[in-house]
Amino acid sequence: MAEILVCCINYNNSEEVLEYAKEISLQNNSEKVLLIITDNSTDENEKINLSNGIEKINLNIIILDPNSNIGYLNGMFLGVKKYYELNKRYPKWTIFSNSDIKFGMNNFIESLINKKYLEDYWCIAPSVFSSETKSYQNPHYKKRIELSNIERVLFFTKYHILFNLYSFLSSLKSKNKKKYEEKSQCVYAAHGCFFVLKDDYFKSLKKLEYGAFLYSEEAFIAETILKEKKKVYYDNNLRVTHTEHSTTSLIGNKNRAKFINESLNYIKKEFYEVIDG
């Protein structure tokens with residue numbers, strides 16, 4: 001029985017997903033890992049390529065086909081549900097990860113298995129170095145996002161022209177990201193490209209379901225952990241590199257605005273209006 005579950009998504013990027021699977025297979029203690037890939041692809045050739053490719057990788061891999069694109073976090077949750085169905089329990093640690101990730105250490109899995117974290121650390125955020133911006137993406141948010149900031153983004157994503165301006169300003173802001181690695185600490189939210197969740201987290205959820213298609217997943221994880229009075233811990237002793245080959249860049253600004261707006265409205269309704277309203 002695998003001690004570590006890794007969940008990732010294939011969305012018409014099977015070559016990248018297969019490379020990521022190879023990365024995991026080279027880890028120390030990779031025999032203790034189960035990789036579950038949710039195949040959100042719409043291209044039949046992609047599905048065939050993925051299925052044929054995993055046979056050449058020395059790693060325990062399961063492919064799930066939901067028969068439609070169910071989005072990022074719901075695709076991850078589908079992997080967790082499958083693990084529970086097979087084992088009648090949750091794994092000690094579950095990694096939710098983009099496929100555009102490189103491990104900066106071959107003992108990442110080994111370190112995760114052996115590390116003794118405090119009981120109330122339900123999410124572990126590693127040091128994430130962006131090879132594109134040459135900066136560190138964690139800690140992602142140190143403090144809870146204010147409702148006024150959510151309202152501001154909702155305004156910009158409501159109108160396509162305004163969203164183009166918002167995207168431009170965000171790109172300028174990204175050039176000023178952290179160029180140094182911060183000390184380990186408790187934070188509000190982990191960067192969504194790669195984070196680790198404790199088994200207790202899944203036990204706490206009434207249902208493994210996210211009420212949006214894409215975006216704001218970090219806020220959902222952070223808020224559901226905060227609700228249980230538990231913590232997200234940034235651990236700079238664990239390191240990965242984010243190559244920023246995200247498939248979300250292919251969906252276009254109009255759809256990006258739509259999905260961001262929908263996801264933030266969901267977060268606002270679920271976690272802010274009850275508390276702040």
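User: Which unit do β2, helix α2 and β3 make, right-handed or left-handed?

Analyst: This is a predicted model, where local features need pLDDT of at least 70, side-chain atom pairs count only at pLDDT 80 or more, and totals for chains, interfaces and linings use all residues. Residues are numbered from 1 along each chain as its sequence is written. Helices (H or I, at least four residues) and strands (E, at least two) are DSSP runs, numbered from the N terminus. With the strands pointing away from the viewer, a clockwise path from the first strand over the helix to the second counts as right-handed. For β2 (residues 33-39), α2 (residues 44-54) and β3 (residues 60-64), the β-α-β unit is right-handed.

User: How many bridges join strand β2 to strand β3?

Analyst: Strands pair if DSSP finds at least two bridges between them. β2 and β3 run parallel. Thr38 stands opposite Leu64 in β3. The number of bridges joining β2 to β3 is five.

User: Which element gives the largest share of the lining of the second largest pocket?

Analyst: A pocket is an open set of points on a 1 Å grid over the protein atoms alone, where a 1.4 Å probe fits, with protein on both sides within 12 Å along at least five of seven lines; lining residues have an atom within 4 Å of a point. Of the 18 lining residues, the closest to the centre are Phe220, Thr224, Lys227, Glu270 and Phe271. Two or more residues come from each of α8 (217-227) and α9 (253-276). The largest share, five residues, comes from α8.

Technical notes
Side-chain values use heavy atoms; hydrogens and water are left out.
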